[in-house]
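Please take a look at the structure shown here. The paragraphs below lead through it, from the whole chain to single residues.

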Amino acid sequence: MKSVIQAWQLWALGSAAFAALTAIFGKIGVAGISSDLATFIRTIVILVLIAAIVQAKGAWQPFDAISRQTWIFLVLSGLATGASWLCYYRALQLADASRVAPIDKLSVVLVAVFGVLFLGEKLNWQNWLGVAFIAAGTVLVALR
């Protein structure tokens, strides 16, 4: 019998829950300090945590065994993440978390579009309808 919830879905739900906590904790944490410094502190915490996880799992591998293409795209991903975090924390300083987070989640819409354009992914009409609802919901939440 096929499981109702697949492992990737549980991980995705965990991601959503932690992203929600990121907004709440970040909004509180960014009060009274530079948003750039807050992003720097957050990044150090993430670096230490992930290094500990990689060490505990024994997942280290020689860096020279990683392909050039992998390095390029992971560096680009890291730069995009850093830029996203800098923008996110600045937005949290300027507005309510309940308004910032939904706009940030327009990334879902952009991922769908970019996935089709750059990765050749296919979306059916129901998928596109869902993407449109996410976009519309974001607009409705942000317009108060």
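Of the contacts in the protein with a separation of 6 or more, 70% are between residues 24 or more positions apart; contact means heavy atoms within 4.5 Å. This is a predicted model, in which local features need pLDDT of at least 70 and side-chain atom pairs count only at pLDDT 80 or more, while totals for chains, interfaces and linings use all residues. Residues are numbered from 1 along each chain as its sequence is written, and side-chain values use heavy atoms, with hydrogens and water left out.

The protein has six helices and zero strands. Helices (H or I, at least four residues) and strands (E, at least two) are DSSP runs, numbered from the N terminus. The C-alpha atoms fill a box of roughly 50 × 50 × 35 Å along the principal axes. Of the 144 residues, 15% count as buried, where buried means under 20% relative accessible area, exposed over 50% and partly exposed in between (1.4 Å probe, protein chains only).

Helix H3 (residues 68–94) packs against helix H2 (residues 35–57) at an angle of about 130 degrees, with the axes 9 Å apart. Axes are lines fitted to C-alpha atoms, for helices over the stretch in contact, and angles run from 0 to 180 degrees between N-to-C directions. That angle makes H2 oblique to H3, because angles under 35 degrees count as roughly parallel, over 145 as roughly antiparallel, 65 to 115 as roughly perpendicular and the rest as oblique. On the H2 side the contact includes Ser35, Asp36 and Arg42, and on the H3 side Trp85, Tyr89 and Gln93 are among the residues involved. The residues of this contact divide into five nonpolar, four polar and three charged. Ala, Val, Leu, Ile, Met, Phe, Trp, Tyr, Cys and Pro count as nonpolar, Asp, Glu, Lys and Arg as charged, and the others, Gly among them, as polar.

Ser35 lies in H2 and counts as buried because its relative accessibility is 5%. Leaving aside residues up to four places away in sequence, Ser35 touches Val30, Tyr89, Arg90 and Gln93. In H3, the buried residues are Trp85, Tyr88, Tyr89 and Leu92, and what covers them includes helix H1 (7–29), H2 and helix H4 (97–104).

Further along, the axes of helix H5 (residues 107–119) and helix H6 (residues 125–142) come within 9 Å and cross at roughly 145 degrees. Val108, Val109, Ala112, Val113 and Val116 in H5 meet Trp128, Val131, Ile134 and Ala135 in H6. This contact has nine nonpolar residues, no polar and no charged.
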